[in-house]
Amino acid sequence: MTAVSPKRAWWTPDIPKSPLMRRRMLWAYAFISLPILALLVFLLGPILFSGWVSLHRWDMLSPVSEMPWRGLGNYVFLLTKDKVFAKALGNTFLFAIGGVGANTILGLGFALLLNSRIRGQRVWRVLYFMPVITAPLALAVMFSFIFDRNFGVVNSFITSLGLPRQPFLSAPSQVLMTLIFIAVYQFVGYYIVIFLAGLQGIPQDYYDAAQVDGAGKWQEFRFITLPLLKPVMLFVVVTNTIGALQVFDLVFATTGGAPANSSMTVVLHMYNTAFKFSRMGRASAMAFILFGIILLITILQVRLLRDRAYQD
Amino acid sequence: MIQSDHPLGGFATALKYIVLVGGAFVMVFPFVWMLIASLMTAGEIQLRPPVWLPATPQFNNYAELVESIPIARLYFNSLFTSGIIVFGVLLSSSLAGFAFAKYRFPGRELLFYLILATMMIPFFVTLIPVFFIVRQLGWIDTYQGLVIPGLTSAYGIFLMRQFMITVPDEIIDAARIDGASELSIYWRIVLPLIKPALATLGTFVFIGAWNNFLWPLLVLNSRELMTLPLGINSLRSLYADNTNLLMAGTAVSVLPMLFVFIYLQRYFIQGIALTGLKG
């Protein structure tokens, strides 16, 4: 940590001896007091409270002290009886897998393109980055229109080629694919920039040495670029998965989970359960199940990608 | 620059540009189409066979839009609340980050681990309790309800600490010997040294707050307090049959931010590369 850091377990108090140092210590407490208080009130307290609520039945109107205890009842209900939740979980997984896969492949692909001798780097990056800073809600509205079954420009184009009109967001068979497309459209620019920074961090010497040894382009990619890019890959896959599993705005403003819950996602179902039907206990249990899944997947991904990185 | 030593170089280079142009077309087209549609009549949007351009651009759509929703008010609300959130996060994160990076005090490691742990908590887990707290405080449908839960960020504290740790202790000690107070060390010495990190964190927080939808949706009810995403959301039902006006509304809310981005793009993109790799 800092320069003055003797070997010491994290739980043993480290009280400075001189009065001057103690005065500084008080300043440090003053600096952290408000931020820590805010984190306690708006993050740590709430997560504990949320866990407590998930074991009860609660409509948020009746007093907290009178919540009827349900034990693990909410969890049991969600995992065994709530068909919408099961559907939402499945959809959310598919959405995340499709989105993360496409973002990683396209992000790396375009980063490789931009990293080669290409004119107008800055212009390309700006164009690809535009959707990243645009409100997801605005994009959802734009794409609802673009993919509209009747008046959407994509269908105008398809029909002008003499092909049949596609339902896109309005058919269970196509809605998830369409949503994945929109999500990838929105975020791929971010991952291009991240991959590009990673590529530019690989020393040119490695490639020069490989060329001396007569390595081809593919071998350079396979044995230099890919292994050295693994930390970046890990970052991309983990952050993208965590984000995709929490999708809300996009689905809320395009389909609202329709048709027939074929695009229902966990956070949207949780939102409906809590704020439309006032079932706070069940919604909190949903939040915890998803949180658990996110933690599990993150740990798995870190293990998997990190171990592979060491093997190479 | 374009010439290549490879025999197929010319062809490969051409292919690269074709892919890049194709990709860029996909990225830009939705914005262009939004603008074109916003200048059509309601009838032109529904014509079959479709038309690709309005017969005469209907600039009136924008006038009509301004009459039906308080655009200026939406902008003010978004700017005001996002501005306060950025200021709050920068101040609280840099103060706490400074303490964690440059001071010794009992509980420092424990508290820092606590902050690392809270960084992993997704927003949806705390949504219901934070909403409850805000309601108990009587802050529903107020600016403070929208803003106050967002004034601190565990990620921000972490990021600031990582950058402040690189500030040499010698500079700080020298300032102390010269009689500088702890506060002026923070304000005059450490903050100026980590300006790039502050700019990056500020940009992230601003975009997040500006585009945030779910929290304002829960907390705000009245039209006077609505932020831009809420405004677009209300247009969805208001203009369910007037897609041209809906697109005009979306364009008005999206384009100014895009221009700011294009103007400042270097800082945006550098910052993202910087923190992405650090995190």
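A residue counts as buried if 20 or more other C-beta atoms lie within 10 Å of its own, as exposed if 12 or fewer do, and as partly exposed in between, with C-beta atoms placed from the backbone. With 22 C-beta neighbours inside 10 Å, Gln186(A) therefore makes the buried class. Keep in mind that this is a predicted model, where local features need pLDDT of at least 70, side-chain atom pairs count only at pLDDT 80 or more, and totals for chains, interfaces and linings use all residues. Residues are numbered from 1 along each chain as its sequence is written, while chains are lettered from A and ligands numbered from 1 in the order in which they are written.

**Around Gln186(A)**

- Gln186(A) sits in helix α7 (residues 175-200) of chain A; helices (H or I, at least four residues) and strands (E, at least two) are DSSP runs, numbered from the N terminus.
- Leaving out residues up to four places away in sequence, Gln186(A) touches Pro131(A), Val132(A), Pro136(A) and Leu139(A), where contact means C-beta atoms, placed from the backbone, within 7 Å.
- Thr134(A) is 52 residues from Gln186(A) in sequence, with 8.1 Å between their C-alpha atoms.

**Helix α10 of chain A**

- The 15 residues of helix α10 (residues 230-244) of chain A should span 21 Å at 1.5 Å a residue, and the end C-alpha atoms agree, being 21 Å apart; the expected span is 1.5 Å times one less than the number of residues.
- Its buried residues are Val232(A), Met233(A), Val236(A), Val237(A), Val238(A), Asn240(A), Thr241(A) and Ala244(A).

**Domains of chain A**

- Chain A is split into domain 1 (19-53) and domain 2 (73-311), with bounds from an automatic or database domain assignment.
- Taken over C-alpha atoms, the centres of domain 1 and domain 2 of chain A are 35 Å apart.

**Where the chains meet**

- On chain A, 78 residues are in contact with 72 residues of chain B.
- Helix α1 (residues 19-53) of chain A gives the largest share of chain A's side, 20 residues.
- That side of chain A has 64 nonpolar, eight polar and six charged residues; Ala, Val, Leu, Ile, Met, Phe, Trp, Tyr, Cys and Pro count as nonpolar, Asp, Glu, Lys and Arg as charged, and the others, Gly among them, as polar.

**Chain B overall**

- Chain B has 14 helices and zero strands.
- Its radius of gyration is 24 Å, well over the 19 Å from the globule rule for 279 residues, so chain B is more spread out than a compact globule; the radius is taken over C-alpha atoms, and the rule is 2.2 Å times the number of residues to the power 0.38.
- Buried residues make up 42% of the 279 residues in chain B.

Notes
Contact = placed C-beta atoms within 7 Å.
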